[in-house]
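Colleague: I have just opened this entry and would like to go through it with you. Could you show it to me?

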Amino acid sequence: MGGTFDPIHHGHLVAASEVQDIFDLDEVIFVPTGAQPFKLDRDVTTPEHRYLMTVIATASNPRFSVSRVDIDRAGITYTIDTLRDLRQTYPEAELFFITGADALSQILTWKDADELFSLAHFVGVTRPGHELDDAGLPEAGVSLLEVPAMAISSTDCRRRVAAGQPVWYLVPDGVVQYIAKYELYSRKRSVRNEVRDG
Ligand SMILES: Nc1ncnc2c1ncn2[C@@H]1O[C@H](COP(=O)(O)OP(=O)(O)OP(=O)(O)O)[C@@H](O)[C@H]1O
Ligand SMILES: O=C(O)c1ccc[n+]([C@@H]2O[C@H](COP(=O)([O-])O)[C@@H](O)[C@H]2O)c1
(Lines give C-alpha, C1' and ligand atoms only; values in the text may rest on other atoms or scores of the structure.)
(Ligands and ions follow the chains in the order given, each with its own letter.)
Protein backbone atom coordinates (compact mmCIF):
# COMPACT_ATOMS: atom_id res chain seq x y z
CA MET A 1 0.00 0.00 0.00
CA GLY A 2 1.57 3.24 -1.13
CA GLY A 3 0.77 6.55 0.46
CA THR A 4 2.05 9.89 1.62
CA PHE A 5 0.99 8.89 5.15
CA ASP A 6 1.23 12.46 6.51
CA PRO A 7 0.24 11.11 9.00
CA ILE A 8 -0.83 7.46 8.73
CA HIS A 9 -4.34 7.02 10.21
CA HIS A 10 -6.85 4.30 11.01
CA GLY A 11 -8.44 4.57 7.54
CA HIS A 12 -5.19 3.28 6.05
CA LEU A 13 -4.81 0.56 8.67
CA VAL A 14 -8.37 -0.77 8.44
CA ALA A 15 -8.16 -0.88 4.62
CA ALA A 16 -4.85 -2.76 4.74
CA SER A 17 -6.11 -5.21 7.35
CA GLU A 18 -9.27 -5.93 5.38
CA VAL A 19 -7.40 -6.53 2.09
CA GLN A 20 -4.87 -8.74 3.89
CA ASP A 21 -7.70 -10.86 5.26
CA ILE A 22 -9.88 -11.10 2.14
CA PHE A 23 -6.98 -11.79 -0.25
CA ASP A 24 -5.14 -13.93 2.32
CA LEU A 25 -1.94 -11.93 1.82
CA ASP A 26 1.27 -13.03 3.58
CA GLU A 27 2.33 -9.45 4.12
CA VAL A 28 1.14 -5.90 3.59
CA ILE A 29 4.02 -3.55 2.85
CA PHE A 30 3.36 0.12 3.54
CA VAL A 31 5.41 2.27 1.19
CA PRO A 32 5.64 5.95 2.20
CA THR A 33 6.16 8.12 -0.88
CA GLY A 34 9.10 10.34 -1.60
CA ALA A 35 7.91 13.26 -3.76
CA GLN A 36 4.39 12.34 -4.88
CA PRO A 37 3.96 13.86 -8.37
CA PHE A 38 0.46 15.22 -7.69
CA LYS A 39 1.48 16.82 -4.38
CA LEU A 40 4.59 18.75 -5.49
CA ASP A 41 2.95 22.09 -4.72
CA ARG A 42 2.16 21.16 -1.11
CA ASP A 43 4.09 21.29 2.13
CA VAL A 44 4.72 17.71 3.19
CA THR A 45 6.35 16.46 6.39
CA THR A 46 9.87 15.13 5.87
CA PRO A 47 10.09 11.52 4.64
CA GLU A 48 11.86 10.30 7.80
CA HIS A 49 9.04 11.53 10.06
CA ARG A 50 6.39 9.96 7.78
CA TYR A 51 8.36 6.73 7.60
CA LEU A 52 8.79 6.53 11.39
CA MET A 53 5.11 7.23 12.06
CA THR A 54 4.27 4.42 9.63
CA VAL A 55 6.66 2.06 11.43
CA ILE A 56 5.11 2.96 14.80
CA ALA A 57 1.56 2.48 13.47
CA THR A 58 2.25 -0.94 11.95
CA ALA A 59 4.74 -2.40 14.45
CA SER A 60 2.26 -4.51 16.39
CA ASN A 61 0.85 -6.34 13.36
CA PRO A 62 3.02 -9.33 12.35
CA ARG A 63 1.71 -9.12 8.76
CA PHE A 64 2.49 -5.42 8.33
CA SER A 65 5.87 -4.00 7.35
CA VAL A 66 7.21 -0.73 5.96
CA SER A 67 9.49 -0.23 2.97
CA ARG A 68 11.94 2.63 2.40
CA VAL A 69 12.06 1.93 -1.32
CA ASP A 70 10.31 5.17 -2.34
CA ILE A 71 11.89 7.50 0.19
CA ASP A 72 15.38 6.22 -0.60
CA ARG A 73 14.97 6.65 -4.38
CA ALA A 74 15.93 10.09 -5.69
CA GLY A 75 13.54 12.04 -7.88
CA ILE A 76 9.77 11.93 -8.15
CA THR A 77 8.02 8.86 -6.75
CA TYR A 78 6.23 6.88 -9.44
CA THR A 79 4.40 3.65 -8.63
CA ILE A 80 5.87 2.00 -11.71
CA ASP A 81 9.31 2.31 -10.03
CA THR A 82 7.92 1.16 -6.67
CA LEU A 83 6.58 -2.01 -8.24
CA ARG A 84 9.77 -2.68 -10.22
CA ASP A 85 11.86 -2.31 -7.06
CA LEU A 86 9.56 -4.54 -5.02
CA ARG A 87 9.63 -7.14 -7.79
CA GLN A 88 13.43 -7.25 -7.48
CA THR A 89 13.18 -7.81 -3.74
CA TYR A 90 10.38 -10.37 -4.06
CA PRO A 91 10.99 -12.12 -7.41
CA GLU A 92 8.51 -14.94 -6.76
CA ALA A 93 5.73 -13.02 -5.04
CA GLU A 94 2.31 -12.20 -6.42
CA LEU A 95 2.11 -8.44 -5.89
CA PHE A 96 -1.04 -6.51 -5.00
CA PHE A 97 -1.26 -2.73 -4.77
CA ILE A 98 -3.90 -1.27 -2.44
CA THR A 99 -5.47 2.09 -3.29
CA GLY A 100 -8.42 4.03 -1.94
CA ALA A 101 -11.25 5.03 -4.26
CA ASP A 102 -9.82 8.54 -4.73
CA ALA A 103 -6.40 7.29 -5.82
CA LEU A 104 -7.90 4.59 -8.04
CA SER A 105 -9.93 7.18 -9.95
CA GLN A 106 -6.67 8.89 -11.03
CA ILE A 107 -4.69 5.80 -11.88
CA LEU A 108 -4.94 6.21 -15.66
CA THR A 109 -3.01 9.47 -15.28
CA TRP A 110 -0.14 7.80 -13.42
CA LYS A 111 3.20 7.29 -15.18
CA ASP A 112 3.23 4.26 -17.52
CA ALA A 113 -0.33 3.43 -16.48
CA ASP A 114 -0.66 0.66 -19.09
CA GLU A 115 2.27 -1.23 -17.66
CA LEU A 116 1.21 -0.93 -14.02
CA PHE A 117 -1.35 -3.71 -14.33
CA SER A 118 1.23 -6.20 -15.57
CA LEU A 119 3.33 -5.64 -12.44
CA ALA A 120 0.65 -5.95 -9.76
CA HIS A 121 -3.00 -6.65 -9.17
CA PHE A 122 -4.69 -3.45 -7.96
CA VAL A 123 -7.20 -3.56 -5.13
CA GLY A 124 -9.41 -0.48 -4.93
CA VAL A 125 -11.10 0.01 -1.57
CA THR A 126 -14.10 2.10 -0.60
CA ARG A 127 -13.53 5.44 1.09
CA PRO A 128 -16.27 7.72 2.47
CA GLY A 129 -16.91 10.65 0.14
CA HIS A 130 -15.46 8.96 -2.93
CA GLU A 131 -17.07 6.76 -5.54
CA LEU A 132 -15.35 3.43 -6.14
CA ASP A 133 -15.29 2.94 -9.89
CA ASP A 134 -13.11 0.78 -12.13
CA ALA A 135 -14.42 2.14 -15.43
CA GLY A 136 -11.70 2.13 -18.06
CA LEU A 137 -9.39 -0.09 -16.02
CA PRO A 138 -8.46 -3.60 -17.16
CA GLU A 139 -10.96 -6.02 -15.65
CA ALA A 140 -8.40 -8.69 -14.81
CA GLY A 141 -6.03 -6.19 -13.24
CA VAL A 142 -8.31 -4.63 -10.65
CA SER A 143 -10.55 -5.82 -7.82
CA LEU A 144 -12.90 -3.62 -5.85
CA LEU A 145 -13.48 -4.20 -2.16
CA GLU A 146 -15.83 -2.66 0.36
CA VAL A 147 -14.00 -2.01 3.63
CA PRO A 148 -15.37 -0.65 6.94
CA ALA A 149 -16.01 3.06 6.41
CA MET A 150 -13.52 5.31 8.17
CA ALA A 151 -14.21 8.96 7.42
CA ILE A 152 -10.64 9.97 8.25
CA SER A 153 -8.12 11.84 6.11
CA SER A 154 -4.56 12.94 6.79
CA THR A 155 -5.61 16.46 5.79
CA ASP A 156 -8.22 16.50 8.55
CA CYS A 157 -5.74 15.08 11.09
CA ARG A 158 -3.21 17.82 10.23
CA ARG A 159 -5.91 20.49 10.44
CA ARG A 160 -7.06 19.22 13.83
CA VAL A 161 -3.54 19.23 15.28
CA ALA A 162 -2.92 22.74 13.96
CA ALA A 163 -6.17 23.88 15.60
CA GLY A 164 -5.28 22.23 18.91
CA GLN A 165 -7.98 19.56 18.55
CA PRO A 166 -7.33 15.92 19.48
CA VAL A 167 -6.47 13.21 16.98
CA TRP A 168 -6.76 10.41 19.55
CA TYR A 169 -8.48 7.38 17.96
CA LEU A 170 -8.10 8.83 14.45
CA VAL A 171 -4.44 7.79 14.41
CA PRO A 172 -2.73 5.12 16.56
CA ASP A 173 -1.73 6.21 20.07
CA GLY A 174 2.00 6.04 19.27
CA VAL A 175 1.45 8.35 16.30
CA VAL A 176 -0.43 10.86 18.51
CA GLN A 177 2.58 10.86 20.83
CA TYR A 178 5.08 11.08 17.96
CA ILE A 179 3.23 14.10 16.51
CA ALA A 180 3.31 15.81 19.92
CA LYS A 181 6.96 14.96 20.56
CA TYR A 182 8.15 16.51 17.27
CA GLU A 183 5.47 19.23 17.22
CA LEU A 184 4.38 18.11 13.76
CA TYR A 185 1.55 20.07 12.13
CA SER A 186 1.53 22.68 14.87
CA ARG A 187 4.91 24.25 14.24
CA LYS A 188 6.78 24.67 10.99
CA ARG A 189 8.14 21.16 10.49
CA SER A 190 7.05 20.42 6.94
CA VAL A 191 9.03 21.36 3.88
CA ARG A 192 8.00 21.95 0.33
CA ASN A 193 7.59 18.48 -1.23
CA GLU A 194 11.19 18.40 -2.45
CA VAL A 195 12.46 16.29 -5.30
CA ARG A 196 15.76 14.98 -3.93
CA ASP A 197 18.68 14.69 -6.35
CA GLY A 198 20.46 11.38 -6.81
N1 LIG B 1 -10.16 6.67 5.16
C2 LIG B 1 -9.68 5.93 4.16
N3 LIG B 1 -10.34 4.82 3.74
C4 LIG B 1 -9.84 4.09 2.69
N5 LIG B 1 -8.69 4.38 2.01
C6 LIG B 1 -8.02 5.47 2.39
C7 LIG B 1 -8.47 6.30 3.47
N8 LIG B 1 -7.58 7.32 3.62
C9 LIG B 1 -6.65 7.15 2.67
N10 LIG B 1 -6.90 6.04 1.92
C11 LIG B 1 -6.08 5.54 0.80
O12 LIG B 1 -4.78 5.29 1.30
C13 LIG B 1 -3.77 5.65 0.34
C14 LIG B 1 -2.80 6.68 0.94
O15 LIG B 1 -3.56 7.82 1.26
P16 LIG B 1 -2.88 9.18 1.78
O17 LIG B 1 -1.65 8.88 2.54
O18 LIG B 1 -2.80 10.16 0.68
O19 LIG B 1 -4.00 9.65 2.87
P20 LIG B 1 -5.06 10.80 2.75
O21 LIG B 1 -5.88 10.75 3.98
O22 LIG B 1 -5.79 10.72 1.44
O23 LIG B 1 -4.10 12.08 2.75
P24 LIG B 1 -4.37 13.61 2.39
O25 LIG B 1 -5.64 14.03 3.10
O26 LIG B 1 -3.15 14.31 2.90
O27 LIG B 1 -4.49 13.69 0.89
C28 LIG B 1 -4.54 6.19 -0.88
O29 LIG B 1 -4.71 5.11 -1.79
C30 LIG B 1 -5.88 6.59 -0.29
O31 LIG B 1 -6.91 6.53 -1.25
O1 LIG C 1 2.94 6.76 -10.45
C2 LIG C 1 2.33 7.83 -10.47
O3 LIG C 1 2.34 8.57 -11.48
C4 LIG C 1 1.55 8.24 -9.23
C5 LIG C 1 0.86 9.45 -9.18
C6 LIG C 1 0.15 9.78 -8.02
C7 LIG C 1 0.15 8.92 -6.94
N8 LIG C 1 0.83 7.74 -7.03
C9 LIG C 1 0.83 6.81 -5.89
O10 LIG C 1 -0.45 6.69 -5.32
C11 LIG C 1 -0.33 6.31 -3.96
C12 LIG C 1 -1.25 7.17 -3.13
O13 LIG C 1 -0.74 8.48 -3.10
P14 LIG C 1 -1.26 9.53 -2.02
O15 LIG C 1 -0.40 10.74 -2.11
O16 LIG C 1 -2.70 9.77 -2.38
O17 LIG C 1 -1.10 8.87 -0.72
C18 LIG C 1 1.14 6.47 -3.59
O19 LIG C 1 1.75 5.20 -3.56
C20 LIG C 1 1.69 7.30 -4.73
O21 LIG C 1 3.05 7.06 -5.01
C22 LIG C 1 1.51 7.40 -8.13
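This is a predicted model: local features need pLDDT of at least 70, side-chain atom pairs count only at pLDDT 80 or more; totals for chains, interfaces and linings use all residues.

Modeller: In helix 7, the residues Ser154, Cys157, Arg158 and Val161 are buried.

Colleague: Why do those residues of helix 7 lie on the same side?

Modeller: They cover an arc of only 95° around the axis, so they fall on the same side of helix 7.

Colleague: And what do the buried residues of helix 7 pack against?

Modeller: Their packing partner is helix 8, which spans residues 173–181.

Colleague: Which residue follows helix 7, and what is its phi?

Modeller: Gly164 comes after helix 7, and its phi is positive, near 80°.

Colleague: Let us change topic. Which residues are closest to ligand 1?

Modeller: The closest are Gly3, Gly11, Gly100, Ser154 and Thr155, out of 18 residues that surround ligand 1. Ser154 is also one of the buried residues of helix 7.

Colleague: Which elements supply at least two residues each to that shell?

Modeller: They are helix 1 (10–22), strand 5 (96–100), helix 5 (101–104) and helix 7 (154–162). Helix 1 gives the largest share, 3 residues.

Colleague: How does the shell around ligand 1 divide by class?

Modeller: It has 6 nonpolar, 9 polar and 3 charged residues.

Colleague: Now ligand 2, please. Which residues come nearest there?

Modeller: Of the 15 residues around ligand 2, the nearest are Gly2, Gly3, Tyr78, Thr79 and Trp110. Strand 1 (2–3) and helix 4 (79–89) are the elements that give two or more residues to this shell. By class, the shell around ligand 2 holds 6 nonpolar, 7 polar and 2 charged residues. Gly3 is listed among the closest residues for ligand 1 and among the nearest for ligand 2.

Colleague: You mentioned strand 1. How does it run relative to strand 2?

Modeller: The two strands run parallel and are joined by 2 bridges. Gly2 stands opposite Val31 of strand 2.

Colleague: Is strand 2 mostly covered or uncovered?

Modeller: Strand 2, residues 28–32, is mostly covered, with 5 of its 5 residues buried. Val28, Phe30 and Pro32 lie on one side, Ile29 and Val31 lie on the other, and both faces are covered.

Colleague: One last point: what does UniProt place at residues 1–160?

Modeller: The unreviewed UniProt entry places the feature "domain: Cytidyltransferase-like" there. Over residues 1–160 the model is 36% helix and 17% strand, and the end C-alpha atoms are 25 Å apart.

Methods:
Residues are numbered from 1 along each chain as its sequence is written. Chains are lettered from A and ligands numbered from 1 in the order in which they are written. UniProt positions are given in the numbering used here, feature names are shortened, and annotations may be inferred rather than shown by experiment. Helices (H or I, at least four residues) and strands (E, at least two) are DSSP runs, numbered from the N terminus. A residue is near a molecule or strand if its C-beta atom, placed from the backbone, lies within 6 Å of it. Ala, Val, Leu, Ile, Met, Phe, Trp, Tyr, Cys and Pro count as nonpolar, Asp, Glu, Lys and Arg as charged, and the others, Gly among them, as polar. A residue is buried if 20 or more other C-beta atoms lie within 10 Å of its own, exposed if 12 or fewer, and partly exposed in between; C-beta atoms are placed from the backbone. The arc is that of the directions from the helix axis to the C-beta atoms. Two residues are in contact if their C-beta atoms, placed from the backbone, lie within 7 Å. Two strands pair if DSSP finds at least two bridges between them.
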